Amino acid sequence: MFDEIMRKFEGSPSQQEVIRLLLERGFSVNDEGRVVSGGIEIPNTGIAREIGVDRRVVDSTTSAILDDEQLRRIFQNISSIPSLMDLAPVLDLSVLTVEVADADAPGIVAEITSRLADRDISIRQTISEDPEFTDDPKLYLVTDEPVPGDLLNELSGLPFVRRISIA
């Protein structure tokens, strides 16, 4: 899906940057073509400044979204969720990041979370990036305590795991 959306803007790398930001942040586009998070409007100038484009690029991108029925359905229904990942150091939590070889393979989340549960490690939050919307999706697990080294080695040895990191 991500590639299909980006193809619709392949003639404009600047518009692709706007699309990427909207998807990454979970920002919606309302009927008036304004970028919103819930009911809060995000000024186009702020979006433009964030990604280094002119405000008119944001305007033209939101207009293109509203003109395309498929894009309209996606961007009028997308939403963001609060993440504990940036708060983890403040709250004394750990973040386990898992990169996999094939994000479409079934059972990845179940296998990782089961192994954590088997060690009585409480998971506060799980965020799984959708392979349809991200080029290199990752699985993030915020845990109450650090993941022990032997479990990290065990998880790294799973056939679908490409790389693991902990913060």
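**Helices H2 and H4 in the predicted model**

The buried residues of H2 are covered by elements that include helix H1 (2–7), E1, E2, H3, H4 and H5. Here helices (H or I, at least four residues) and strands (E, at least two) are DSSP runs numbered from the N terminus, and contact means heavy atoms within 4.5 Å. The structure is a predicted model, in which local features need pLDDT of at least 70 and side-chain atom pairs count only at pLDDT 80 or more, whereas totals for chains, interfaces and linings use all residues. Residues are numbered from 1 along each chain as its sequence is written, and side-chain values use heavy atoms, with hydrogens and water left out.

The protein has eight helices and seven strands, and its C-alpha atoms fill a box of roughly 50 × 30 × 25 Å along the principal axes. Of its 167 residues, 39% count as buried; buried means under 20% relative accessible area, exposed over 50%, and partly exposed in between (1.4 Å probe, protein chains only). Among contacts between residues at least 6 apart in sequence, 65% join residues at least 24 apart.

In H2, the buried residues are Gln15, Gln16, Val18, Ile19, Leu21, Leu22 and Leu23. This helix has 13 residues and reaches 18 Å from its first C-alpha to its last, close to the 18 Å expected at 1.5 Å a residue; the expected span is 1.5 Å times one less than the number of residues. Gly26, with a positive phi near 70 degrees, follows H2.

Val57, Val58, Thr61, Thr62, Ile65 and Leu66 are the buried residues of H4. Their cover includes helix H2 (13–25), strand E1 (28–29), strand E2 (35–37), helix H3 (44–51) and H5.

Within helix H4, Thr62 counts as buried because its relative accessibility is 2%. Its side chain reaches the backbone oxygen of Asp59 at 3.0 Å. Apart from neighbours within four places in sequence, Thr62 is in contact with Val29, Gly33 and Val35.

Leu87 lies in the loop between helix H5 (69–75) and helix H6 (88–91). With a relative accessible area of 39%, Leu87 is therefore partly exposed.

Definitions and conventions. A polar contact is a pair of N or O atoms within 3.5 Å; within protein, one must be able to donate a hydrogen and the other to accept it, and residues adjacent in sequence count only if both atoms are side-chain atoms.
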